[in-house]
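My notes are below the structure.

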Amino acid sequence: MRKTTKVAANPAVIGRQIPDGEMILVNTETSASIVLRNATAVAIWQLVDGERTVLEIAAAVEQQFEDVPP
């Protein structure tokens with residue numbers, strides 16, 4: 001994938017934030033699910049909207065979190 005590619009989440013996957021900051025993702029077509037357990041993963045999922053490029057998402061993560069490696 002190129003850094004200038006706009007990325008979008010699978011429209012069949014829905015996410016729900018749960019109180020402790022984690023997020024549950026469920027694929028409505030397959031019933032597969034996964035729990036995003038850290039703040040970085042949740043932030044990336046929320047940024048993958050089809051409007052941002054990989055570079056823009058990386059820049060947003062860098063701004064949101066301290067000590068992000070290059």
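Basis. I am working from a predicted model, where local features need pLDDT of at least 70, side-chain atom pairs count only at pLDDT 80 or more, and totals for chains, interfaces and linings use all residues. Residues are numbered from 1 along each chain as its sequence is written, and side-chain values use heavy atoms, with hydrogens and water left out.

Helix pair. I looked up helix 1 (residues 39-47) and helix 2 (residues 54-64), whose axes come within 10 Å and cross at roughly 140°. Helix 1 is therefore oblique to helix 2; oblique is what remains after under 35 degrees (roughly parallel), over 145 (roughly antiparallel) and 65 to 115 (roughly perpendicular). I then listed the contacts (heavy atoms within 4.5 Å): Thr40, Ala43, Ile44 and Leu47 in helix 1 meet Ile57, Ala60, Val61 and Gln64 in helix 2. These residues divide into 6 nonpolar, 2 polar and no charged.

Asparagine 27. I found asparagine 27 in strand 3 (residues 23-27). Its relative accessible area is 14%, so asparagine 27 is buried (under 20%; exposed is over 50%, partly exposed in between). A polar atom of its side chain lies 2.8 Å from the backbone nitrogen of glutamate 29. Leaving aside neighbours within four places in sequence, asparagine 27 is in contact with Asn10, Ala12, Val13 and Ala32.

Leucine 55. I placed leucine 55 in helix 2 and noted it as partly exposed, at 45% relative accessible area. With neighbours within four places in sequence left aside, leucine 55 is in contact with Lys3 and Thr4. Leucine 55 and lysine 6 are 49 residues apart in sequence and 9.0 Å apart in space, C-alpha to C-alpha.

Methods
Axes fitted to C-alpha atoms, helices over the stretch in contact; angles between N-to-C directions. Helix = DSSP H or I, 4+ residues; strand = E, 2+ residues; numbered from the N terminus. Nonpolar A, V, L, I, M, F, W, Y, C, P; charged D, E, K, R; others polar. Buried < 20%, exposed > 50% of the residue type's maximum accessible area, 1.4 Å probe, protein only. Polar contact = N/O pair within 3.5 Å; in protein donor to acceptor, adjacent residues only side chain to side chain.
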